[in-house]
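I opened my notebook to get to know a structure I had not looked at before. These are my entries, in the order I looked things up.

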Amino acid sequence: MELFVRKFPPGFGDAIAFGWETAIDYLENLRFTPSQLQELRETGILSQTSDRIWDVLANFRFEGDVCSHRLRRYRRPF
């Protein structure tokens with residue numbers, strides 16, 4: 001699954017998205033398992049950060065907002 005947001009150029013503010021249920025489910029259940037944290041620790045990628053990062057990641061829960069307009073149906077022009 002890919003999930004990302006990008007900044008739109010001036011004057012463009014709409015996107016068409018599919019699979020919201022999958023995306024919401026993913027975000028609601030996003031967690032780091034102990035084995036994932038261990039693998040991440042072994043990479044050394046966060047070795048220059050505070051050790052507090054491991055507690056933050058171990059207790060991570062998505063707390064952001066997800067917004068959407070009402071569902072509109074789009075039809076191809078043919």
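What follows goes from the whole chain down to single residues.

**Entry 1: the overall layout.** I noted at the start that this is a predicted model. How many helices and strands does the protein have? I counted three helices and zero strands. Read along the sequence, that gives me the pattern α-α-α.

**Entry 2: surface and burial.** I looked up the accessible surface next, and it comes to about 7900 Å² for the protein. Carbon and sulfur atoms hold 54% of that area. Then I checked burial: 8% of the 78 residues count as buried. I also looked at contacts between residues at least 6 apart in sequence, and 48% of these join residues at least 24 apart.

**Entry 3: L57.** I picked L57, which sits in helix α3. Is L57 buried or exposed? It is buried, because its relative accessible area is 13% and the cut-off for buried is under 20%. I then asked myself which residues L57 touches, leaving out those up to four places away in sequence. I found F32, L37, L40 and L46. I also took a C-alpha distance: L57 and T33 are 24 residues apart along the chain, and their C-alpha atoms are separated by 9.3 Å.

**Entry 4: Q36.** I moved on to helix α2, residues 34-43, where Q36 lies.

**Entry 5: rings.** I searched the whole structure for aromatic pairs and came away with one. I also looked for a charge over a ring. R41 lies over the face of W54, at 4.4 Å from the ring centre.

**Entry 6: a nonpolar patch.** Which residues make the nonpolar surface patch of about 300 Å²? I wrote down W20, I24, F62 and V66. I took two of these residues further.

I24 belongs to helix α1, residues 20-28. I24 is partly exposed, with 30% relative accessible area.

F62 I found in the segment after α3, the helix of residues 52-58. F62 is partly exposed as well, at 33% relative accessible area.

Note on methods: Residues are numbered from 1 along each chain as its sequence is written. This is a predicted model: local features need pLDDT of at least 70, side-chain atom pairs count only at pLDDT 80 or more; totals for chains, interfaces and linings use all residues. Side-chain values use heavy atoms; hydrogens and water are left out. Helices (H or I, at least four residues) and strands (E, at least two) are DSSP runs, numbered from the N terminus. Buried means under 20% relative accessible area, exposed over 50%, partly exposed in between (1.4 Å probe, protein chains only). Patches are made of residues with over 30% relative accessible area and no salt bridge: like charges are joined within 9 Å, nonpolar side chains (Val, Leu, Ile, Met, Phe, Trp, Tyr) within 5 Å. Accessible areas come from the Shrake-Rupley method with a 1.4 Å probe; for residues, only the protein chains shown count as cover. A salt bridge is a side-chain nitrogen of Lys or Arg within 4 Å of a carboxyl oxygen of Asp or Glu. Contact means heavy atoms within 4.5 Å. Rings of Phe, Tyr and Trp (its six-membered ring) pair if their centres lie within 6.5 Å; planes under 30 degrees apart count as stacked, over 60 as edge-to-face and the rest as tilted. A charge sits over a ring if NZ of Lys or CZ of Arg is within 6 Å of the ring centre and within 35 degrees of the ring normal.
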